[in-house]
Amino acid sequence: MSNAPHAILYVFQVKKGHEKAFESAWCDVTREIHEHCGSLGSRLHTWVGGTYWAYAQWPSREALENATIEGRESLMEARQRMHDALESTEVFGEGNIVHDLFVNEGPPHP
C-alpha cells in the first residue's frame, strides 16, 4: 500500500435555507476528524444552487481507512447536524497526490 498523501473530493447538495447550518456542522466535523482521526484537514467551497464541494486530505489511503469515528459523541452529533442539512452527498473522486502546489498564505478561515 502506498504511503503517498491521499485526497478525496466531496460534493454536497444542501437543502435550501440550511446553508449556514451545514457550514457550521461541516467545520465541526472537519475539526473533529483532524483532531481525533488524523486527517490533514479540508477546504469547503461553494458553487451554484446550494451545491458545495470539499477537498479533504489525508497522510495516506491507509490513514483514511484506519480512521475511527465511532464513539466520538461530539463528532457523531456534528455529523448528524451536517446530514440533516443535506439533500445528498457524493464522493466525486479520490486518489493519491502526485504534485502538491498549494500555497499556504496564512491561518485557515473560521
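Guide: Let's begin with rings: those of Phe, Tyr and Trp (its six-membered ring) pair if their centres lie within 6.5 Å, and planes under 30 degrees apart count as stacked, over 60 as edge-to-face and the rest as tilted. A search of the whole structure with that rule turns up four aromatic pairs. Bear in mind that this is a predicted model, where local features need pLDDT of at least 70, side-chain atom pairs count only at pLDDT 80 or more, and totals for chains, interfaces and linings use all residues. Residues are numbered from 1 along each chain as its sequence is written, and side-chain values use heavy atoms, leaving out hydrogens and water.

Visitor: Why is the pair of Phe12 and Phe22 called tilted?

Guide: The ring centres of Phe12 and Phe22 are 5.1 Å apart and the planes stand at 55°, so the pair is tilted. Phe12 sits in strand S1 (residues 6–14) and Phe22 in helix H1 (residues 19–37), so to speak ten residues apart, where helices (H or I, at least four residues) and strands (E, at least two) are DSSP runs, numbered from the N terminus. Tyr10, Phe12, Phe22 and Tyr52 form one aromatic cluster.

Visitor: What makes Tyr55 and Phe102 edge-to-face?

Guide: Their planes are at 85°, with 5.7 Å from centre to centre, and the cut-off for edge-to-face is over 60. Tyr55 is in strand S3 and Phe102 in the segment after S4, 47 residues apart.

Visitor: How do you know that Arg43 sits over the ring of Phe102?

Guide: The rule asks for NZ of Lys or CZ of Arg within 6 Å of the ring centre and within 35 degrees of the ring normal. The charged end of Arg43 meets it, 4.0 Å from the centre of the Phe102 ring.

Visitor: What makes Arg61 and Glu65 a salt bridge?

Guide: A salt bridge needs a side-chain nitrogen of Lys or Arg within 4 Å of a carboxyl oxygen of Asp or Glu. Arg61 and Glu65 come in at 3.1 Å, N to O. They are four residues apart in helix H2 (residues 61–66), which means a separation of about one helical turn. Arg61 also bridges to Glu94, with the closest N and O atoms 2.4 Å apart. Glu94 lies in strand S4 (residues 86–96) and Arg61 in helix H2, so this pair ties together parts that are 33 residues apart in sequence. The count by this rule is five salt bridges.

Visitor: Why is Arg61 called partly exposed?

Guide: Buried means under 20% relative accessible area, exposed over 50%, and partly exposed in between (1.4 Å probe, protein chains only). Arg61 has 28%, so it's partly exposed. Glu94, with 42%, is partly exposed too.

Visitor: And what makes Val48 exposed?

Guide: Val48 has 59% relative accessibility, so it counts as exposed. Val48 lies in the loop between strand S2 (42–46) and strand S3 (51–58).

Visitor: How do you know that there are zero disulfides?

Guide: A disulfide is a pair of cysteine sulfur atoms within 2.5 Å, and the count by that rule is zero. Cys27 is in none: the nearest cysteine sulfur, that of Cys37, is 16 Å away. Cys27 has 16% relative accessibility, so it counts as buried. Cys37 is buried as well, at 12%.
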